[in-house]
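Reader: I have a model open and want to go through its packing. Can you take me through it, starting with a helix?
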Amino acid sequence: MHRVVCPGSFDPVTNGHLDIITRASGLYDEVVVAVLINVTKQSLFTVDERVEMLTEVTARCGNVRIDRFHGLLVDFCAANGITAVIKGLRAVTDFEYEMQMAQMNYRMAKVETLFMTTNPLYSFLSSSLVKEITRYGGDVSGLVPDPVLARLRARLAEE
Ligand code: PNS
């Protein structure tokens, strides 16, 4: 079985993430979307909430599984029989950092990284921008899945 991991913070999942996950699901037997548990980074949504949103918006892809991990991605890969990571590349600004992680993951555990070019419709999109824009009353509909939009507005209205 060819299994690949799509790791990230997903705080929250955007249509850019969903585009990569969906396209990857057409290429691999199984795509494991792995949410990083990062206790040092402040997030808008808890890991449980992020997993819930990802589960809901990927429900139509039968070969996508949502999981969570802490520690090194290569250790998660070893524990789950995964030999490759898939990442979306939005622009050259992503490249330097992504290449460094890809080479380090290969150096540590021979885990390969495959880069998929982001759909140009979403090349400017990030979870951080989506949060900032919603926080100040801007409209991000069409940039995140509808259930995520509803949760974003509700959470930021509480602030
Ligand atoms: O969505 P993000 O925050 O850009 O995702 C970054 C992520 C989770 C892919 C990256 O931080 C990661 O793999 N973290 C796990 C810790 C790890 O393995 N660090 C060494 C990387 S070479």
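This is a predicted model: local features need pLDDT of at least 70, side-chain atom pairs count only at pLDDT 80 or more; totals for chains, interfaces and linings use all residues.
Author: The buried residues of H1 are Asn15, Gly16, Leu18, Asp19, Ile20, Ile21, Ala24 and Ser25. Buried means under 20% relative accessible area, exposed over 50%, and partly exposed in between, with a 1.4 Å probe and protein chains only. Helices (H or I, at least four residues) and strands (E, at least two) are DSSP runs, numbered from the N terminus.

Reader: Which elements do the buried residues of H1 pack against?
Author: They pack against S1, S2, H2, S3, S4 and strand S5 (112-117), contact being heavy atoms within 4.5 Å.

Reader: And threonine 118, buried or exposed?
Author: Threonine 118 is buried, at 12% relative accessible area. It sits in the loop between S5 and helix H5 (127-135). Not counting residues up to four places away in sequence, threonine 118 touches Ile20, Arg23, Gly88, Leu89, Arg90 and Ser123.

Reader: New topic: which residues touch the most other members in the largest nonpolar core?
Author: Phe10, Val33, Leu54 and Leu152 do, out of 34 residues in that core. A nonpolar core is a set of buried Ala, Val, Leu, Ile, Met, Phe, Trp, Tyr and Cys residues joined through side-chain atoms within 4.5 Å.

Reader: Which element gives the most to this core?
Author: H2, with five residues.

Reader: What does leucine 152 contact?
Author: Leaving aside neighbours within four places in sequence, leucine 152 is in contact with Pro12, Leu44, Phe45, Val130, Lys131, Thr134, Val140 and Val144.

Reader: How many aromatic pairs?
Author: Two. Rings of Phe, Tyr and Trp (its six-membered ring) pair if their centres lie within 6.5 Å; planes under 30 degrees apart count as stacked, over 60 as edge-to-face and the rest as tilted.

Reader: Why is the pair of phenylalanine 69 and phenylalanine 76 tilted?
Author: Their ring planes are at 45°, with the centres 5.5 Å apart, so the pair counts as tilted. Both phenylalanine 69 and phenylalanine 76 are buried.

Note on methods: Residues are numbered from 1 along each chain as its sequence is written. Side-chain values use heavy atoms; hydrogens and water are left out.
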